[in-house]
Amino acid sequence: MNLFPLTVRRAETSRRGKVLVGPIDLDLDGSGATVVMGPNGSGKTTLLRLLHGAARLTAGQITWACDEQYARTQQGFVFQRPVMLRRTVLDNLMYPLRMRGVVRTQAQIQAEEWALRVGLEKMLGRVATNLSGGEQQKLALARAMITEPQVLFLDEPTAALDGRATREVEAVLRAARASGMHLILSTHDLGQAKRLADEVVFILHGRVLEQGNARAFFDAPQSIQARAFLRGDIVE
Amino acid sequence: MTDEWAQMGDLWAGITEAFRLLVTLDRDLVEITLRSLQVTLTALVIGSAIALPLAALLAVRRFRFRRGVIAVLNALMGLPPVVVGLVVYVLLSRSGPFGVLGLLFTPTAMIIAQVIIIVPLIASIAHQSLRDLWSEYHDLLISMNVTQGQKMRTLLWDARRALLTASLAGFGRAIGEVGAIMIVGGNIDHATRVLTTAIALETGKGDFALALGLGIILIGLAITVNLAIHWLSRTEQEGRW
C-alpha cells in the first residue's frame, strides 16, 4: 500500500491561541527527497512533526493515500539530537522490530545487517549513550530505517555533527533514497539542501512560501524572501 | 558520669550479645530473622509489583486528576504506620469486613500492612525517575508508534537500576517497621515475632543488651540485603544503569 500522495490542506497547529505553523497547503508525491528549508524559527521542525503526526493538528487536514493507522507504521523520524535508549547498540537497533513482534533471533540478524550498513558493526555491544555524536546519529538513522518505512522524516540530522560525520550520514541518506525511501528533511544548511534535495519546500513564519523542483528553486527562486535566504541575507 | 558509664556498658554488652547470638546461631534469633526477611521480602515483591507499574502509568498517561493522584501519593509517603496498622486491624478483626479470612495476628496481616506502607514510597520515588526518563524518550517512542503498554515496559526496563533504589527504599522502610506490624501481628512468639517487635519487647522488659544485640543484627541484615541486591544487579558497573 502506497502512502503517497500526501495532501495537506489548511493545516494549522497552535498553542495557547498562538498559531505556530499554518495554514499550510502542500502536495507531496513521494519521490526522492523533499527538503524543508527556512531560517531558524521558521517552523520547519513543527511542520515535520505535524506531517508525522507528533504535533496536534488544530485546524485543516493532512491526508495520506492510505488509512492513518497504516501510515503511522510506515514512517520513521530522526531527531536533531539523537535520542538513545539506555541500552546497547544492538538492543537499540532491535527495539523497533521487537515492538512490532519480530522474534529475537530474526531481529538480531536484521540489526547486525543494519549495523554493518552504517559502519557500527564493531560497536554492537557498546552502550549507545557512550557513542560519539556522529555514531549516535548513524545509530538513530539505522534504527529509524530498520523497519523499512516508506517515508523518513529527518529534523536537521547533521546540525550538531562535524564534516566527516555529516558526510557519512548523507551517504546513508543517499542509499536510503536510492532504495526508494522518501526523505522529508529539514535543514538550514544550504549546501546540504543542494546535495540532497529533489524538491524544496521553503517556509517562513510557519507558512509555505515556495514549493517545487530543487534545481528550479536554487536557480530562480520566486519569492523575495527565498532569494534573500539563498543570498545568505538575514531573513525576518 | 555513672549513667554514661552504664550506657556505654549497655552498648558494649549489646555488641557482645549480638556477637554471641550470631556465633552460636541462636535458634530463636534465626527464626525471628528468617521471619523478618520472609515478611519484608514478600511485602517488597508485592509492593514493587503494584508500585512500579503504577509509577510508569503516571509517567506516560495523561488523565484527569493525574496531578492530584501524584500529590496524594507523595503525601502518603509519610503515612503513619500506626494508623495503617489500626486500619488493617479493623479490617481484619473478627467483626471487620475481612474477619472471616482469619488473617489477624498472622504474618499475612503483617505483609498486608507493610505493602500499604511501602507502595506510596516506592511509587513516588520510582515516578520521579520514570518521569525524567519519559521526558527523554517521549518523542522517540511516539515516533515509533509504540503502544501504551510497550512505553511502560520500556521505561521500567531502561530505568531498572533507578527503580531498584526505589524498591530498596521500600525494603528499608519495611524491615525497620514496628508500629503497624505490632498491632496486626501481635508479636506472638514463634508465630509473628520479628526483629523489630522483639527489640520493642526486650526494651520494654529492660533487657537492653539483648535489644541492642538484635538492633545491631537488624542493621547488619538491612545492609547485607542492600549490598547483595546492588551486587547482583551490578549497579556500579561502568557504562550501565
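## Close-ups of a predicted two-chain model

**Figure 1. Helix 2 and helix 5 of chain B pack against each other at an angle of about 35°.** This view, like the others, comes from a predicted model. Look for helix 2 of chain B at residues 27-60 and helix 5 of chain B at residues 107-143; their axes are 6 Å apart. The way helix 2 of chain B crosses helix 5 of chain B is right-handed. And what sits in the contact of this pair? Count through the residues of the contact between helix 2 and helix 5 of chain B and you get 24 nonpolar, seven polar and two charged.

**Figure 2. Here's where chain B meets chain A, with 13 residues from chain B and 14 residues from chain A in the contact.** On the chain B side, helix 5 and helix 6 (148-158) each bring at least two residues to the part that touches chain A. Which element gives the largest share of that side? Helix 5 of chain B does, with six residues. Sort the chain B side that touches chain A by class and you'll find six nonpolar, four polar and three charged residues.

**Figure 3. Strand 1 and strand 2 of chain A make a hairpin.** Strand 1 of chain A (residues 6-15) and strand 2 of chain A (residues 18-28) run antiparallel, joined by seven bridges. To get your bearings, find Ala11(A): Ile24(A), in strand 2 of chain A, stands opposite. Two residues lie between the strands of this hairpin, and Arg16(A) takes a positive phi near 50°.

**Figure 4. Strand 1 of chain A also pairs with strand 4 of chain A.** Strand 4 of chain A covers residues 59-63, and the pairing with strand 1 of chain A is antiparallel, over four bridges. Which residue in strand 4 of chain A is the bridge partner of Arg9(A)? That's Gln61(A). While you're looking at strands, keep in mind that side chains in a regular strand alternate between the two faces of the sheet.

**Figure 5. Stepping back, chain A has nine helices and nine strands.** Its radius of gyration is 18 Å, close to the 18 Å that the globule rule gives for 236 residues, so chain A is as compact as a globular protein of that length. Along its principal axes, the C-alpha trace of chain A spans about 55 × 40 × 35 Å.

**Figure 6. Chain A averages a pLDDT of 89, and 100% of its residues score at least 70.**

Note on methods. Residues numbered from 1 in each chain as written. Chains lettered and ligands numbered in written order. Predicted model: local features only at pLDDT ≥ 70, side-chain atom pairs only at ≥ 80, totals over all residues. Axes fitted to C-alpha atoms, helices over the stretch in contact; angles between N-to-C directions. Left-handed = near helix turned anticlockwise from the far one by under 90°. Nonpolar A, V, L, I, M, F, W, Y, C, P; charged D, E, K, R; others polar. Pairing = 2+ DSSP bridges. pLDDT = per-residue confidence, 0-100. Contact = placed C-beta atoms within 7 Å. Rg over C-alpha atoms; globule rule 2.2 N^0.38 Å.
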